[in-house]
Amino acid sequence: MSERPLRVALDLDGSLESLGDSMTDLADALEATGEVELVRWRSGSPPAGPGEARVRGRAMWSAGWRRGLGPAVDRLLGDVDLVHVAGRLTPPTRATPLVVSVDDLRPLRDESREHQRVRALERVVAGGAWIAASTRAARHEVLAVLAADASRVAVVPPAVPRVGAHGDGRALVVNVTGVLQPVLDLAPTLVDLVAPLGGRVVVLASDQAATRLRALGDAVEVRPRREARRTLGEARVVWHVSDGARFPSFAIAALGAGVPTLARATAVNRELLAGAAALVASDAEVRPLVEELWVNEARRAIAAAAGRARAGDFAPARAARAYLTLYREVVRGWGP
């Protein structure tokens, strides 16, 4: 006899992905399984779509929830089997199991540690919450920082949306996440490389990074992250420049679109991208790899095929299945 559908309260405010609303993609994929009844809600903002639950007093409780304190959110969401929080707020629960997704490690790292975020996670973990880390490398970092039972820290990659690109654009798209200096150092050389080939360099970056990047002049086009989807549609090659603190959704979306991609050889990138993206251990490797991936059609075809195959591992339907397995494990193990 099949198990009854789980009633899960899923926080849609968890998406930090510039390519699209990945939490809504996950919600849709979960419902498509027919094994989950979702209560869609938002921990940090008002309802944004039809059918989303309104959490009474949300704005009032948000300051406490940021610290893992305040009223138990399950008392505000009605009859649910599990609450899944994915944003920066970490509301506690009282009578319902809690899963917290952690896909951004920057607040946990020494150089930028946010003690409020760490303490909030420690509080909910002490109350029996499970942590869903996005990679094995992320799980290792979470366990090193939080006093968590290793059996309650699972690895569940987030959903990565498909992007309608074809890899035959004329842009070298540089996605900057946490590491800026290699781009500042190499951008003039890369402009000199792709310009004679009819290409241009387009950099996606935060507002803070964009200020420094604009000092490079008009030869480098700088765009905000909200234009990531459109920009990926113009890419011929992607260079993903990150510090390994975030799940590399942009790089995976590029692979799924058949765009040859190179990335720094961080622990996270080695775990997720090796064999599909070209990983570089030194910035000196970037220019020759960009040239190879730009002009060598055989290499481009191999990279596109490998990338599409790897990206399939992170499709919303795959993420939904992984989360459903975790939900059932958590609910089965829940008890006083």
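## Packing of α9 and α12

Axes are lines fitted to C-alpha atoms, for helices over the stretch in contact, and the angles between their N-to-C directions run from 0 to 180 degrees. In this predicted model, helix α9 (residues 249–256) packs with helix α12 (residues 297–311) at an angle of about 120 degrees, and their axes lie 7 Å apart. Angles of 65 to 115 degrees count as roughly perpendicular and those over 145 as roughly antiparallel; α9 and α12 are therefore oblique to each other. The crossing in which α9 passes α12 is left-handed.

On the α9 side, the contact is formed by Ile252, Leu255 and Gly256, which meet Ala304, Gly307, Arg308 and Ala311 in α12. Classified by residue type, this contact of α9 with α12 has four nonpolar residues, two polar and one charged.

## Largest nonpolar core

The largest nonpolar core comprises 32 residues, and Leu172, Trp239 and Leu262 have the most contacts inside it. Elements giving two or more residues to this core include the strands β7 (171–177), β8 (200–205), β9 (220–224), β10 (235–242) and β12 (278–280), together with the helices α6 (181–194), α7 (207–213) and α11 (286–295). The most is given by α6, with eight residues.

Not counting residues up to four places away in sequence, Leu172 touches Leu190, Val194, Arg200, Val201, Val202, Val237, Trp239, Val290 and Trp294.

## Second core

A separate, second core has 31 residues, among them Trp65, Leu108, Ala133 and Ala138.

Key. Residues are numbered from 1 along each chain as its sequence is written. This is a predicted model: local features need pLDDT of at least 70, side-chain atom pairs count only at pLDDT 80 or more; totals for chains, interfaces and linings use all residues. Side-chain values use heavy atoms; hydrogens and water are left out. Helices (H or I, at least four residues) and strands (E, at least two) are DSSP runs, numbered from the N terminus. Angles under 35 degrees count as roughly parallel, over 145 as roughly antiparallel, 65 to 115 as roughly perpendicular and the rest as oblique. A crossing is left-handed if the near helix is turned anticlockwise from the far one by less than a right angle, and right-handed if clockwise. Contact means heavy atoms within 4.5 Å. Ala, Val, Leu, Ile, Met, Phe, Trp, Tyr, Cys and Pro count as nonpolar, Asp, Glu, Lys and Arg as charged, and the others, Gly among them, as polar. A nonpolar core is a set of buried Ala, Val, Leu, Ile, Met, Phe, Trp, Tyr and Cys residues joined through side-chain atoms within 4.5 Å. Buried means under 20% relative accessible area, exposed over 50%, partly exposed in between (1.4 Å probe, protein chains only).
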